[in-house]
Amino acid sequence: PALDTVSGRKSQAAVLAQSPPPAAAQPVAASQVDQPQKAVDQSMPLGWERWEAQCAAGDAEACTNFGERLRLGIRTAIDMPRAVQMFRKGCAAKIDVACENGGILIWNGRFGVTENVPEAMAMLNTGCDAGSWRACSVLGRIFTKDQKGIAPDVAKRQAYEHRACRNGSALDCAVAALDQTDIQKTMTLLARGCDLGDALSCHSAGVRLNTGKELPANPALARRLFARGCDLAEKGNYFDACVDLLRMDDPQAKQPGTRERFEDLCNSGSAWSCSWAAQLSIDRKDYRAALAWLGKACQGEFAESCRAEKEFASFLPKYEQWQDQEKALAEREREREARINALLASGHAIDAVAVAIREYGSPELVDKVLTGAGSAVAQLDNFTFDILIMPGWRDRMSPGGRAIVDSEYRRRGLHLARNYSTI
């Protein structure tokens, strides 16, 4: 695979590049390697015009800087073969950035540079020994699979990852930690990665300290690690530390701004935050919003949210139809109560009881009306009153409503049976 050639060294060459090394040592896409872009003309360090002559005089640092100028095409045409010649001279003096860039260009064998795997490996090893984390990281990637005659080697890959971590690669610290079975070594690597500015390392260390499954729990330190990881999130677009920090500070998500923070994190690219925003929408019974958040979580490849989104998409139309029916029933109930209340207010209590029984057939509504009717229940005709004492009516009334019915039953001289269906 093509390997990147961006310098990670803080030197005049890095000033030339005017671009800091990326946070993660990832291979550059082939399309980017095949089509180098000429850098924007920029102010040069003092003495830049003398680098070529100084290199010819044996100044390895000048050779490295001149090679970087040729590689980037700053105030000159891009010339990769000649840049490699300059990097060879710099690497002979064990200048890490020269070994790193020269080794990668020779490994790739593009832009007119002849591929030479043994030479590339030798230059990268010299760069790694000289302190280049990128050279160590590239060597680690080379040993991940069979390529260019080099067989995969787990032990060598892990060794180079550890060296890259020591030399300053935060990503390699996190990757090396994944291979560890010793929790103390894992935590040492994660702490190093976190110190170097890797949000994933901070979060991974915080999770272990917060759960207490692999080592004694330390919530206070876990929170500090989550906070550190969250502060670094914008640089690495890794927001899980922010999510755990929110969950730790507000477990029930009741504090003002917590829900909005989850939503902001979701919109920033955190799939996990999207799933939490969905859950909070469900708690508020805002199911349409929940479906939208689940969709975003699924787009972020959060598998559980994809399944939940499918279930919600199937369930929601039925739920909304049921909700519409419930609203219609509630509206009819309000209309019934309004009619009953109007009858009671106008002094037509017995009409209110009769309407509740015979038109609406609602024991609950009758119970309310009986309280308003009081002794007027005596005016009910026998047929209507008989309905009141049917099974399923009296038992669904309140104690006060049943007392009124029983009193009127006795007043009419009827025998009060335990089960009215036997009368």
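Q: Which residues line the largest cavity?
A: Start with the general idea. Rolling a probe the size of a water molecule over the atoms shows where empty space is left. In this predicted model, the lining of the largest cavity consists of Arg247, Asp250, Pro251, Ala253, Phe262 and Trp276.

Q: What is the volume of the largest cavity, and how many cavities are counted?
A: The volume is about 30 Å³. The count is one cavity of 30 Å³ or more.

Q: Now the rings. How many aromatic pairs does a search of the whole structure find?
A: General idea again: a pair of aromatic rings is described by the distance of the centres and the angle of the planes. Here the search finds three pairs.
A: Take phenylalanine 262 and tryptophan 276. Their ring centres are 5.9 Å apart and their planes meet at 15°, so this pair is stacked. Both residues also belong to the lining of the largest cavity.

Q: Which parts does this pair tie together?
A: Phenylalanine 262 sits in helix α15 (residues 258-267), and tryptophan 276 sits in helix α16 (residues 271-283), so the pair ties together parts 14 residues apart in sequence.

Q: Is phenylalanine 262 buried or exposed?
A: Phenylalanine 262 counts as buried because its relative accessibility is 2%, and buried means under 20%. Tryptophan 276, at 25%, counts as partly exposed.

Q: What geometry do tyrosine 287 and phenylalanine 315 have?
A: Their ring centres lie 6.3 Å apart with the planes at 80°, so the pair is edge-to-face. This pair links distant parts of the chain, 28 residues apart. Tyrosine 287 is in helix α17 (residues 287-299), and phenylalanine 315 is in helix α18 (residues 303-345).

Q: How do tyrosine 287 and phenylalanine 315 count by relative accessibility?
A: Tyrosine 287 counts as buried, at 14%. Phenylalanine 315 counts as partly exposed, at 36%.

Q: Now the whole protein. How many helices and strands are there?
A: There are 22 helices and zero strands.

Q: What share of the residues is buried, and what share of the contacts joins residues 24 or more positions apart?
A: Buried residues make up 44% of the 423 residues. Among contacts with a separation of 6 or more, 55% are between residues 24 or more positions apart.

Methods
Residues are numbered from 1 along each chain as its sequence is written. This is a predicted model: local features need pLDDT of at least 70, side-chain atom pairs count only at pLDDT 80 or more; totals for chains, interfaces and linings use all residues. Side-chain values use heavy atoms; hydrogens and water are left out. On a 1 Å grid over the protein atoms alone, a cavity is a set of points where a 1.4 Å probe fits but cannot get out, and a pocket is an open set with protein on both sides within 12 Å along at least five of seven lines; lining residues have an atom within 4 Å of a point. Grid points are joined across faces, edges and corners, and a volume is the space filled by probe spheres set on the points. Rings of Phe, Tyr and Trp (its six-membered ring) pair if their centres lie within 6.5 Å; planes under 30 degrees apart count as stacked, over 60 as edge-to-face and the rest as tilted. Helices (H or I, at least four residues) and strands (E, at least two) are DSSP runs, numbered from the N terminus. Buried means under 20% relative accessible area, exposed over 50%, partly exposed in between (1.4 Å probe, protein chains only). Contact means heavy atoms within 4.5 Å.
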